Amino acid sequence: MPAEVKAAVDRLRGWCGQGASAPISEEPCALDAATYNAKLMDPTSPAAKQVRFKFSKAYGEIEGINLYGRKTGDTTWVNLGRFNATPANAKLPLANGNPEDWQFQARAVKDDIEIGHPSPSMSVIVRS
């Protein structure tokens with residue numbers, strides 16, 4: 001693999017090293033709690049009133065996430081709980097017996113404090 005491609009791939013993975021000619025460190029970059037973006041991945045609804053998802057733990061630099069959800073169209077996010085292990089499942093407060101379109105986002109947690117920025121919101125049709 002050409003050095004420029006390897007450097008770009010390593011930076012995308014979160015490994016240290018700036019620029020294609022810079023040496024790539026074997027250690028992950030230090031976490032900046034002020035600018036870290038939480039990473040929520042692969043939300044699905046495997047069973048009624050549940051969402052299953054994965055999240056990044058930033059190479060062990062964060063303890064877990066707080067998961068927030070809301071029905072599509074609502075303006076208020078509901079805290080669905082704290083999760084330290086990935087993948088995880090969360091139970092949802094569905095209002096009726098019909099599938100509902102929900103949005104989810106995560107906030108990273110370190111030392112029991114939410115840090116950084118929320119993940120982009122992701123939509124899932126939640127089974128009833």
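The model is predicted: local features need pLDDT of at least 70, side-chain atom pairs count only at pLDDT 80 or more, and totals for chains, interfaces and linings use all residues. Residues are numbered from 1 along each chain as its sequence is written, and side-chain values use heavy atoms, with hydrogens and water left out.

**Exercise 1. State how many helices and strands the chain has, and give their pattern.**

Solution. 
- Start with the terms: helices (H or I, at least four residues) and strands (E, at least two) are DSSP runs, numbered from the N terminus.
- The chain comes to 1 helix and 8 strands.
- Along the sequence the pattern reads α-β-β-β-β-β-β-β-β.
- Next, burial. Buried means under 20% relative accessible area, exposed over 50%, and partly exposed in between (1.4 Å probe, protein chains only).
- Of the 128 residues, 33% count as buried.
- Last, contacts, meaning heavy atoms within 4.5 Å. Among those between residues at least 6 apart in sequence, 55% join residues at least 24 apart.

**Exercise 2. Find the order of the 3 strands in the open sheet, and explain why β1 and β5 stand at the edges.**

Solution. 
- Two strands pair if DSSP finds at least two bridges between them.
- The order is β1-β2-β5, with antiparallel pairing.
- β1 (40–44) and β5 (88–91) each have a single partner strand, so one side of each lacks a neighbour in the sheet.
- From one strand to the next, the twist averages 30 degrees. Axes here are lines fitted to C-alpha atoms, for helices over the stretch in contact, and angles run from 0 to 180 degrees between N-to-C directions.
- Now take β2 (residues 50–55): 4 bridges pair this strand with β5 in the antiparallel sense.
- One of the bridge partners is Ala90 in β5, which faces Val51.

**Exercise 3. Trace the partners of β3.**

Solution. 
- β3 (residues 64–71) has 7 of its 8 residues buried.
- With β6, β3 pairs in the antiparallel sense over 8 bridges. Ile65 has Ala108 of β6 as its bridge partner.
- The hairpin of β3 and β4 has 6 residues between the strands, and Gly73 takes a positive phi near 105 degrees.

**Exercise 4. Classify the aromatic pairs Phe53–Phe83 and Trp102–Phe104.**

Solution. 
- Rings of Phe, Tyr and Trp (its six-membered ring) pair if their centres lie within 6.5 Å; planes under 30 degrees apart count as stacked, over 60 as edge-to-face and the rest as tilted.
- The whole structure holds 3 aromatic pairs.
- Phe53 and Phe83 lie 5.2 Å apart, centre to centre, with 90 degrees between the planes: edge-to-face.
- This pair links distant parts of the chain, as Phe53 is in β2 and Phe83 is in β4 (residues 78–83), 30 residues apart.
- Phe53 is buried at 2% relative accessibility, and Phe83 at 12%.
- Trp102 and Phe104 have ring centres 6.1 Å apart and planes at 20 degrees, so they are stacked.
- Trp102 is buried at 3%, and Phe104 at 1%.
- Phe53, Phe55 and Phe83 form one aromatic cluster.

**Exercise 5. Decide which side chain of opposite charge is nearest to Glu100.**

Solution. 
- Glu100 sits in β6 (residues 100–110).
- Lys and Arg count as positive, Asp and Glu as negative; His and the chain ends are not counted.
- The nearest opposite charge is Lys71, 4.3 Å away.
- A salt bridge needs a side-chain nitrogen of Lys or Arg within 4 Å of a carboxyl oxygen of Asp or Glu.
- Glu100 is buried yet has no salt bridge.
- Leaving aside neighbours within four places in sequence, Glu100 contacts Lys71, Leu94, Ala95, Val124, Ile125 and Val126.
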